[in-house]
Amino acid sequence: MSGTIRIMTYNTRGSLGMDGVRSTSRIAETVRLYSPDIICFQEIHQWLAWSKFENQPERLEHLLQRNFVFHPPVRFGLGNYGIGIASRWHPSKVQKYLLPSVGEQRGLLELEFRGVSGIKAFRVFCTHWGLKDEERAEQGQFCVEKVLNSPLPTLFCGDLNEEVSAKGVATLIEQGGLEDTNPQGVFTFPSDTPNVRIDYILGRGLACERFEVASSLASDHLPLIADIQIG
């Protein structure tokens, strides 16, 4: 069984645009332009004062008409902050992990899908790494162990906060057997004048048919989109 899916990864900055306007609707409009089957989100807010107590996972689920799995490794009072995966299909398995972290706790979210889009089975990871070099190196090693835990085709997405030659990302590629869907190294941050690449869609056991870094000022990161053949 084989098929093609469209996947996006997007750090939404809590829906805060480069113009200082916070708009989850604008994030959803940007996503809908590309009609992805799966979207890996970073910096999602839930009931936080500085995003007007909006429940962004619930709001995005409604606006995108996608199932939303939220993993908030950071909590502020009654509010939450973290990563999430919105998908056209219900996952058959969900795993949430806490990464080794310095300062702000970081997370890793794993979803498994079976029997969708003509594909027997595959996994998707979403993450948002830390700000320190040594921290990210440990997080990369932790993620490799999870990636290697199953022979299923795997997509690994997120804001890794470092370039491809840095230790954490290099570990993912070299030890985890993940391939880069953006071999040209198109910049992803900041969205108004991109000059660095810190956002990734990586994969194992699949083929990238098309890759694009979209143009949008709805966040300070640019969204990445890839059409992936699996099987």
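Visitor: What makes up the lining of the largest cavity, by class?
Guide: Four nonpolar, four polar and three charged residues. Ala, Val, Leu, Ile, Met, Phe, Trp, Tyr, Cys and Pro count as nonpolar, Asp, Glu, Lys and Arg as charged, and the others, Gly among them, as polar. This is a predicted model, where local features need pLDDT of at least 70, side-chain atom pairs count only at pLDDT 80 or more, and totals for chains, interfaces and linings use all residues. Residues are numbered from 1 along each chain as its sequence is written, and side-chain values use heavy atoms, without hydrogens and water.

Visitor: Which residues line the largest cavity?
Guide: Among them are Glu43, Pro73, Tyr81, Glu104, Arg106 and His128. Lining residues have an atom within 4 Å of a cavity point.

Visitor: Which strand gives the largest share of that lining?
Guide: β4, with three residues. Strands are DSSP runs of E, at least two residues, and helices are runs of H or I, at least four, numbered from the N terminus.

Visitor: Why is Glu135 called buried?
Guide: Buried means under 20% relative accessible area (1.4 Å probe, protein chains only). Glu135 has 5% relative accessibility, so Glu135 counts as buried. Glu135 is found in helix α3, residues 133–147.

Visitor: What does Glu135 touch, not counting residues up to four places away in sequence?
Guide: Contact means heavy atoms within 4.5 Å. On that count, Glu135 touches Pro100, Ser101, Val102, Glu104, Arg106 and Gly130.

Visitor: How many residues apart along the chain are Glu135 and Leu99?
Guide: They are 36 residues apart, and their C-alpha atoms are separated by 9.3 Å.

Notes
On a 1 Å grid over the protein atoms alone, a cavity is a set of points where a 1.4 Å probe fits but cannot get out, and a pocket is an open set with protein on both sides within 12 Å along at least five of seven lines; lining residues have an atom within 4 Å of a point. Buried means under 20% relative accessible area, exposed over 50%, partly exposed in between (1.4 Å probe, protein chains only).
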